[in-house]
Amino acid sequence: MPEQLSQSQIDALLKKMSSGEVDVQDETNKVKEYDFSSPKKFTREQLKSVDSLHETFSRVLASYLSGLLRTVCDIEVVQIEEQRYYEYNNALPDASLIGLVDVHPVNKRYSDATMLLDMSTTIGYYIIDRVLGGPGTGYNYTRNYTDIEISILSNVLGKITQRIQDTWSNNLEMTTSLNSIETNSRLLQVFAPEDIVVIVIMEVKLGSRLSGNISVCIPAEFLEEVIDTFSLRYVKGMKKHDPKKEEAKKKVILENVLESDMEIKAIFDDLKLDFQDILNLQKDDIIPLGKAIDSNVHITIDGVPWYTAKLGESKQKKAIKLQNIVINGDEGSQWEKEETVR
């Protein structure tokens with residue numbers, strides 16, 4: 001227990017403090033303000049899941065913009081927060097480039113929603129300049145977009161919307177579409193001013209000179225419904241229980257593989273000859289082999305053994321008849337198919 005001070009000691013201490021002989025340190029703890037009228041809907045872990053999702057989206061978007069603009073593009077998620085919609089809207093400049101993205105989950109348990117995709121006007125003008133063949137120097141404009149420029153940007157935002165769908169589909173199967181483009185943030189009436197939204201802000205660096213922001217505004221009501229699908233266990237389950245989609249992927253891969261050129265060889269036997277004997281070979285010379293004429297022929301595809309076959313003729317041409325599939329050096333199932341040797 002600390003020693004109790006007498007009244008005279010207390011008076012002496014106060015006198016020294018007032019005269020400056022004793023330093024007084026402010027040990028007041030920092031207080032974080034909390035608005036009880038607007039309680040937070042999402043935990044830090046849930047927002048971290050949303051952040052992880054948009055880290056993936058930023059990498060996909062950076063790859064798309066790099067290919068479109070033929071320049072180095074780096075995108076990084078710099079902030080994610082929950083706030084009232086009017087706070088987000090008031091922070092937007094009057095001249096904006098905002099795409100309204102309609103979201104339709106495949107699972108009807110979840111409601112449809114609308115997201116906002118805001119892009120800095122400097123990035124918009126830079127995209128227009130590069131797409132039309134410019135060097136990418138004309139982007140500091142204060143004027144409004146023309147109809148032709150809006151048409152170009154509609155196409156680009158539509159492709160970005162598709163990237164949103166692809167990224168979200170790893171957690172939630174859904175379709176997205178670009179509803180419209182708005183260039184005046186004050187005219188947006190998508191949400192009520194008091195509605196809670198989650199804002200994801202990404203910093204975009206194009207080339208060595210230009211940087212700007214792209215933000216995604218997600219309604220909290222929709223995010224509350226689907227946030228449980230962001231667990232890793234659910235993601236793994238999603239990938240397994242959709243056989244139709246997996247079958248479609250396999251079909252696309254197979255169609256591409258079927259168009260590949262591969263070298264097929266029919267090898268009857270391997271033997272070794274001296275180089276001098278090879279140089280002296282003439283037409284009608286006989287080379288003794290180590291196997292009977294009716295033995296199997298080995299068929300290789302790009303140097304890898306695949307089948308055994310029999311020699312023969314078909315329509316007055318040399319042919320082979322596939323017999324067995326070679327699996328790990330062993331002969332497998334029977335085949336009844338003739339292949340003409342060209």
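Q: Where is Val190 placed, and what makes Val190 partly exposed?
A: In this predicted model, Val190 sits in the loop between E4 and E5. Its relative accessible area is 27%. Buried would require under 20% and exposed over 50%, so Val190, at 27%, is called partly exposed.

Q: Which residues is Val190 in contact with, leaving aside its neighbours within four places in sequence?
A: They are Leu100, Thr114 and Leu116. Contact here means heavy atoms within 4.5 Å. Between Val190 and Leu116, the C-alpha to C-alpha distance is 8.8 Å, although 74 residues separate them in sequence.

Q: How do you know that Leu100 and Leu116 belong to paired strands?
A: Leu116, in E3, is the bridge partner of Leu100. Two strands pair if at least two bridges are found between them.

Q: What is the order of the strands in the open sheet?
A: The sheet has six strands in the order E1-E5-E6-E3-E2-E4, and their pairing is antiparallel.

Q: Why are E1 and E4 called edge strands?
A: Strand E1 (73–84) and strand E4 (174–184) each pair on one side only. On average, neighbouring strands of this sheet are turned by 20 degrees against each other, direction ignored.

Q: Which helix lies across E1, E5 and E6, and which helix touches E2, E3, E5 and E6?
A: Helix H2 (residues 44–69) lies across E1, strand E5 (196–206) and strand E6 (210–219), and runs at about 145 degrees to E1. Helix H4 (residues 121–131) packs on the sheet, where it touches E2, E3, E5 and E6. The direction of H4 makes about 115 degrees with that of E6.

Q: What makes Arg84 and Glu194 a salt bridge?
A: The rule asks for a side-chain nitrogen of Lys or Arg within 4 Å of a carboxyl oxygen of Asp or Glu. The closest N and O atoms of Arg84 and Glu194 are 3.6 Å apart, so the pair qualifies. Arg84 lies in strand E1 and Glu194 in the loop between E4 and E5, so this pair ties together parts that are 110 residues apart in sequence.

Q: Is Arg84 buried or exposed, and what is said of Glu194?
A: Arg84 has 16% relative accessibility, which is under 20%, so it counts as buried. Glu194, with a relative accessible area of 47%, is partly exposed.

Q: How do you know that Asp94 and Arg186 form a salt bridge?
A: Their closest N and O atoms are 3.0 Å apart, and the limit is 4 Å, so the pair counts as a salt bridge. Asp94 lies in the loop between H3 and E2, and Arg186 in the loop between E4 and E5, so the pair ties together parts that are 92 residues apart in sequence. Arg186 counts as partly exposed at 35% relative accessibility.

Q: How many salt bridges are there by this rule?
A: The count comes to three. One of them joins Glu149 to Arg143, with the closest N and O atoms 2.9 Å apart. Glu149 is buried, at a relative accessible area of 11%, whereas Arg143 is partly exposed at 38%.

Q: Why is Asn89 called buried?
A: Asn89 has 10% relative accessibility, and the limit for buried is under 20%, so it counts as buried. Asn89 lies in helix H3 (residues 85–91). Leaving aside neighbours within four places in sequence, Asn89 is in contact with Ser185, Arg186 and Leu188.

Definitions and conventions
Residues numbered from 1 in each chain as written. Predicted model: local features only at pLDDT ≥ 70, side-chain atom pairs only at ≥ 80, totals over all residues. Heavy atoms only, no water. Helix = DSSP H or I, 4+ residues; strand = E, 2+ residues; numbered from the N terminus. Axes fitted to C-alpha atoms, helices over the stretch in contact; angles between N-to-C directions. Buried < 20%, exposed > 50% of the residue type's maximum accessible area, 1.4 Å probe, protein only.
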